[in-house]
Structure formats: C-alpha cells, structure tokens
Amino acid sequence: MDSQQRSMLLESSSLFPPPKGIKLSYGTAGFRADASILQSTVFRMGILAALRSLKTEGAVIGLMITASHNKVSDNGVKVADPNGEMLTQHWEPFADSLANAPDPHSLLQLIADFAKKEEIPLNGSKAAAILLGRDTRPSGEFLVEAAKQGICSVIGAAASDMGVVTTPQLHWMVRARNKDLKASASELDYFDQVSTSFRCLIDLIPKKSHHGIGKLIVDCANGVGGEKLRILKEKLNWLDAEIRNSGEQGILNEQVGADYVQKDKVAPQGFGPHDVGTRCASLDGDADRLVYFTIIPNGNNQINLVDGDKILSLFALFIKDQLSILTDDKNEYQPRVGVVQTAYANGASTKYLNQLGLQVIFTPTGVKYLHEKAQEFDIGIYFEANGHGTILFSDHSLCWLEDRKSTEKGLEKQNAAKRLWAVSKLINQAVGDALSGLLLVEAILQHMGWSVDKWNDLYHDLPSRQLKVKVADRTAVVTTNAETIVEKPPGIQEAITALTVKYPQGRCFVRPSGTEDVVRVYAEANIQESADELATCVAKLVDQFLGFHS
C-alpha cells in the first residue's frame, strides 16, 4: 500500500468513527442495526466492496442498503458477489473485523494485512466497480453517501448509484453485468427480461387451460415492491392484480409484509372480510420474500397460509412435468433435479416432494447454505418456509434447453423446452425475488388452471410449534446433520429423541440462534396439541441442560 492510499484511508475513516461499546456481526444477510449507528459500518463495507472487486479482477460487486423485513428505524448493508450471490463466507470474518476496528490506524492495519494475504493490489493499477442500491427507508440516503465515501477511499474504485431498487434487482444487475461485460444491465433491462419471460409462459399455455384464475391482491409491505410491481403491471397490461400497502401512506413492515403474515398467520393491515375468496400475496419490505394466503371466512383475520414450502412444491411439480414431456429413455442427458430445504421445512412438504420422486437435500438454516447446495444440481430448487428461495439452472442445462427448443420435432416437446427456458429467464438466479417469483406462480397457476385452494391442497401441513429458550451461552449448543442433531452438550439429544418418539408423526430439533443468546425449538406432530406439548417439554429440557432459567 503506497502513501497516497494510506493517507486517503486514514483521512476518510476519521470522518466515520465507530459507535462506542457496540459490536456488530455479519449475519446470514449482512449487518443490521438501528440506522443511527450504521454510518461507520456502511462506510467500511464500501471499502470491503472495493477490495472484493479488486480481488475478483475488477468484477462488479453490489452493495445493498436495506434491513429487509425489519422495522423502518433499522437499516443494514449486504454485499453481492460477482454472480449476484451473497458475499463469500470466506470474507465474512474480515467484514466483522473491519466493522469493529476501534480506530483509523487499526482499520488501516487490518486492510493492509488482509490485502497482503489475499494478494489484492492497492496501488491504483486496477479498477474496481461497485453498484449501490437502497430500499425506501429514509436513512438510506445518508448511508449510501457513507458507502460512496468508503468506495472512493480506495484508489481506482468507482461507485454507480442505482437509486431505490429491490434487493433482488441489485443482485440481478450485478450478475448480469458480470455475465456480459458489455451489458449495462439496468433496472429497465430487469423489467424487460421478466415481463418478456412471463408473457412467453402465458402464450405457451395449452388452449384447454386458457381460462382465468381470478383476481390477485398483493400486499407490498409499504416497501419498495409497491412501486416496482406497479411498473411491471403496466408493462404487462396485467389488469387482474390489485396493489395494496404500496408505501404511499402506511409504515414499512408495520403489521404488513411476508414476514408478518408468515409468522403470525394473520392477514396484513388493509385486508379484511371483503377479501374472502380472493387469492392474496404478500412481499416483504425489500421484495425478496413471497408468501400467498387466503382469508378464512368469519375467522377474525385468520388466514390459510401458502408459504415457501408450497411455492417450492408448485415450482418442483411444474418443472418435473415439463421434463417428463421433454425427456425419455432415449435421451442421453437427463437433467438432475434437486430440492434443497432446511429442517424448518414442514415434514409434509418433504414427504410430498419425495413422493414426486425428487431428491431432497437438507442444509443448515440460511440462504447462503441453500444456494450453495442447489448449485450442485442441473436444476436446483430451494425455498425456506419464510418465502425466500429461487431456482438455479446450470450452464449445461441451459445449453441443452436452448438446443432442444429449436431442434425438437414434436410441438409438445418443443413447447416444454421453451417453457423451461422461459422459467430460467423469469426466475432470479442470483437470489430469492418476490416479484419474479410472483409472476412465476401466477403463470403456473394459469397453466394448470388451478385456484389457490387447489394449490394449497397439494398436501396438508403437519401441526408445528416454534419456541425459543433464553440461555447463558448459545455457543454451548453444537449441532450436526443440517442442525437436526445436537452433539453438545452430551445427553440432550438422547433426551429429545426419547420425548419425540412418544408422539405420532413427532419430529423435533433445537438449534442456537445466529444473532441472540437463545436456543430455538421446533416441533411437529399429528395434532396441534401434541406439537405444542412436545415443543414445551423440549424447551424445558434445554433450560435444564444449559443451566439458565428464563
């Protein structure tokens, strides 16, 4: 590092002192905290993004300012790698150290040591490019400015501000720019690609299925999704969708949004008895999660939830159906399809997917683990129950589909190849995307001619219960086998197993939280009373074994 670079980093970092007495951690989706204490962290993530671009031979890196489904006073920052995926786990400890360095000189030393270890040139010999995006939070503007200062403190680094975008749009733009270095890959390009792909799927619906499936109402969590869905609706001339909680009046994520609907299993604000019988969907604040629901008649705002597991099952069924048209025993290449879930997936969904003949793999909780595992398949589908997920197509499978959609002699097979190709263009292969996911759900439901109730009847969820137990030290719990088995402390897993076998269709696991000193308990059984009882008994076990009483 030359003297100019050294002085630039020292001078700029002195303008962004870290908050005293606060330690921040790069979680599964970056840093999140009250917006008032994040300027220093966002400034430093600007530096990290520039270093990451230099490390990846000048690839475009993304920096998104958002706190997703958190309350409006919070904010956060996450880094998108060249493929549009989340920051490589290898760099997460560096992100933690950078955020928590106590002063400019400590920060400078950290950067110098890391750059040397990673062989990152800090002499201006290479250029670095970073795309910046933010959601609709008022704090986003001043945090973007802090990020720009961090980026510009690295010689040769330049920031492009994409303005207010959804998180998935920024990830998509990063991926697209790195796939084709000549492409501008703007927000307009995103809208063009998803709308064209959606229209293609609608045009390929067999004539016998060509009938409407009724009106859709979308809760946009008073976030960025409202404005973006309106643009999509206009591009598609898609008149049968009503947008609510668009952000013009209500408060971001307050009793609205996918996280609220999925966790509390109630209708969001602005929905009521007049919506009974209508298909409803809910996005979260930055539009990377999606769930569907219907309102129960006379149910005091209660809903029938159609969560990420059901979305995954719909996608898996459609892909399997199209592949069965396209492939036969004569085909040398049979795409390997895999479904990836976490232990929180309802056991009934896993059983359904197995009955379809699909391979189901489990990973620890966190999108980064699911995404990584899904990449091992020709077509990998992953979703968490919270509504975050996507479909990944390997380069080999895409080349195969492109060839088959033009060389197939039979129209039925040709159309199946075209449908799967359109799915690969519609779905966001960088990250979970509520807007592209919504369009894919709508296209498949229209293709099938299904109501939301018929979709929801694919299988019936087992009753479940989640609890959390306060503990003195969550790191005392060590799990294995995708977090379903406890290795430490010794004896607790045997006790959990002994309790679980007492309940028909019983399943239970515990795992430490990634962010707070609690242990989470998840239980399933054949009836709700049994699921509640199993969860309560296991929560007591956790309390006994960890010697800390809540």
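This is a predicted model: local features need pLDDT of at least 70, side-chain atom pairs count only at pLDDT 80 or more; totals for chains, interfaces and linings use all residues.
Helix α3 (residues 92-100) and helix α4 (residues 104-118) pack with their axes 9 Å apart, at an angle of about 160°. Angles over 145 degrees count as roughly antiparallel, so α3 and α4 are roughly antiparallel to each other. The crossing in which α3 passes α4 is left-handed.

The axes of α2 and α3 come within 9 Å and cross at roughly 140°. What does that angle make of the pair α2 and α3? The two helices are oblique to each other, because roughly antiparallel is kept for angles over 145 degrees. The crossing of α2 and α3 is right-handed. On the α2 side, the contact is made by Thr41, Arg44, Met45, Leu48 and Leu51, and on the α3 side by Phe94, Ala95, Leu98, Ala99 and Asn100. By class, the contact of α2 with α3 has 7 nonpolar, 2 polar and 1 charged residues.

Let us step back to the whole chain. The domain assignment gives domain 1 (3-164), domain 2 (184-459) and domain 3 (464-546). How far apart do the C-alpha centres of domain 2 and domain 3 lie? The distance is 31 Å. Where these two domains meet, 9 residues of domain 2 are in contact with 10 residues of domain 3. The size of an interface is often given as the accessible area lost when the parts come together. For domain 2 and domain 3, the area buried between them is about 790 Å², with 52% of it on carbon and sulfur atoms.

Next comes another helix pair, helix α17 (residues 492-500) and helix α18 (residues 528-546), whose axes come within 10 Å and cross at roughly 160°. These helices are therefore roughly antiparallel to each other, and the crossing of α17 and α18 is right-handed. From α17 the contact draws on Ile492, Ala495, Ile496, Leu499 and Thr500, and from α18 on Leu534, Cys537, Val538, Leu541, Val542 and Phe545. This contact has 10 nonpolar residues, 1 polar residue and no charged ones.

Most residues other than glycine have a negative phi, and most peptide bonds are trans. With that in mind, take a look at Pro489, in the loop between β17 (485-488) and α17. The peptide bond that joins Lys488 and Pro489 is cis, with omega about 0°. The other detail is Ser68, in the loop between β2 (60-65) and β3 (74-80). Phi of Ser68 is near 50°, a positive value in a residue other than glycine.

Conventions: Residues are numbered from 1 along each chain as its sequence is written. Side-chain values use heavy atoms; hydrogens and water are left out. Axes are lines fitted to C-alpha atoms, for helices over the stretch in contact, and angles run from 0 to 180 degrees between N-to-C directions. Helices (H or I, at least four residues) and strands (E, at least two) are DSSP runs, numbered from the N terminus. Angles under 35 degrees count as roughly parallel, over 145 as roughly antiparallel, 65 to 115 as roughly perpendicular and the rest as oblique. A crossing is left-handed if the near helix is turned anticlockwise from the far one by less than a right angle, and right-handed if clockwise. Contact means heavy atoms within 4.5 Å. Ala, Val, Leu, Ile, Met, Phe, Trp, Tyr, Cys and Pro count as nonpolar, Asp, Glu, Lys and Arg as charged, and the others, Gly among them, as polar. Domain bounds come from an automatic or database domain assignment. Buried area is the accessible area (1.4 Å probe) that two parts lose on being put together, summed over both.
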